[in-house]
Amino acid sequence: MSLLVVGTMAFDAIETPFGKSDKIVGGAATYIAWAASNFVKNIQQIAVVGEDFPKSELDALAARGVQLEGVQIKEGEKSFFWSGKYHMDMNTRDTLDTQLNVLANFDPVIPESYQGVEFVMLGNLTPAIQMQVLDRLTVKPKFVVMDTMNFWMEIAMDDLKKVIGKVDLLTVNDSEARQLTNEYSLVKAAKKIMSEMGPKYLVIKKGEHGALLFHEDNVFFAPALPLEDVFDPTGAGDTFAGGFIGYLAATKDISFENMKRGIIYGSALASFCVEKFGAQRLREITHKELEERVKEFVDLVQFDIKLVN
Ligand code: AMP
């Protein structure tokens, strides 16, 4: 079982209708690592941070078993910074600011000990860097999942399409699926991505409305747990992806049936993520809590039915 994760490790400033955070630690790869570490020990992390990134955050990930040899710390430079503001529904948001900082000149180095990795999670960051990571692997991985965001569709669509062409599964949210394909129907968008763009599997995330998994003519839907309080949805998509690929890597099973279970674990972890600001809640989850929440998902969609005639 081996999993390589690449993505941003960053500072975020978040505004919701109910509160505002100072600069807190975030980043796609941070959330992915916390989520996937519920299933995989020794995650192989690749990222770049500035000297402002708290050592305590790196130590906490290391204590969790995440390998940080591939995380570069740039003296005298600043970490990636993102700021966003959520709308009243907490399901849609505007990006207020994106400062690439250290990400602008990131040249990812794959440590020798990471080579031969079986599962790869290309978390959200510059598409050209996602491509470099793939190109620098000496052995073709068994399964590659990729996440991205509207930001990259706006400034690097050509590079983005090249990486999408190389991965097994793409995760995007509903508006990104539409932006990528110019199709309003998500079913048509999914068909276009799978038949024309490369990935054989697609996950479309719909925030509080759950997630759809597509493969050939099969579709699986997982709801999101109806929660009384959503505090901060930031990182929910990354947490979902981390839980999903972590589960696949741990079980080493990439059948559609097993992916359904992965989607449920990913959704369960995402439901914890939104309960507190940043990755705080993810750091606290116990195995028992996770299993109980998965059970809530099972109960949520289980019913007996007899067709009347
Ligand atoms: P999510 O809410 O799952 O879409 O992920 C939010 C996280 O993505 C935040 O912690 C940000 O630091 C990070 N992020 C925001 N914009 C970008 C971007 N353009 N590239 C990479 N990571 C980003």
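**Ala13**

I started with Ala13 and placed it in strand E2, which covers residues 10–16. I am working from a predicted model. I then listed the contacts of Ala13, leaving aside neighbours within four places in sequence. Ser21 and Asp22 are on that list. Asp147 is 134 residues from Ala13 in sequence, and their C-alpha atoms are separated by 21 Å.

**Ligand**

Next I looked at the ligand. How many residues surround it? I find 20. The closest are Asp12, Gly27, Arg93, Gly235 and Asp238.

- Asp12: an N or O atom of the side chain is 2.5 Å from a ligand oxygen atom.
- Asp238: a polar side-chain atom lies 2.6 Å from an oxygen atom of the ligand.
- Arg93: the side chain has an N or O atom 2.9 Å from a ligand oxygen atom.

**H8 and H9**

I turned to helix H8 (residues 236–251) and helix H9 (residues 256–273). Their axes come within 7 Å. They cross at roughly 140°. Parallel, antiparallel, perpendicular or oblique? Roughly antiparallel would need an angle over 145 degrees, so I note H8 and H9 as oblique to each other. I noted the hand of the crossing as well: it is right-handed.

I wrote down who meets whom. From H8 the residues are Ala236, Thr239, Phe240, Gly243, Phe244, Tyr247, Leu248 and Thr251. H9 brings Asn258, Met259, Arg261, Gly262, Ile263, Tyr265, Gly266, Ser267, Leu269, Ala270 and Cys273. By class, this contact holds 11 nonpolar residues, seven polar and one charged. Asp238, noted above for its polar side-chain atom 2.6 Å from a ligand oxygen, falls within the 236–251 span of H8.

**H3 and H5**

Last, I checked helix H3 (residues 127–135) against helix H5 (residues 157–164). The axes come within 8 Å and the crossing angle is roughly 30°. Angles under 35 degrees count as roughly parallel, so that is how I describe H3 and H5. Which hand does the crossing of H3 and H5 have, left or right? I have it as left-handed.

On the H3 side I see Pro127, Ala128, Gln130 and Met131. They meet Asp159, Leu160, Lys162 and Val163 of H5. I sorted the residues of this contact into five nonpolar, one polar and two charged.

Methods: Residues numbered from 1 in each chain as written. Predicted model: local features only at pLDDT ≥ 70, side-chain atom pairs only at ≥ 80, totals over all residues. Heavy atoms only, no water. Axes fitted to C-alpha atoms, helices over the stretch in contact; angles between N-to-C directions. Helix = DSSP H or I, 4+ residues; strand = E, 2+ residues; numbered from the N terminus. Parallel < 35°, antiparallel > 145°, perpendicular 65-115°, else oblique. Left-handed = near helix turned anticlockwise from the far one by under 90°. Contact = heavy atoms within 4.5 Å. Nonpolar A, V, L, I, M, F, W, Y, C, P; charged D, E, K, R; others polar. Near = heavy atom within 4 Å. Polar contact = N/O pair within 3.5 Å; in protein donor to acceptor, adjacent residues only side chain to side chain.
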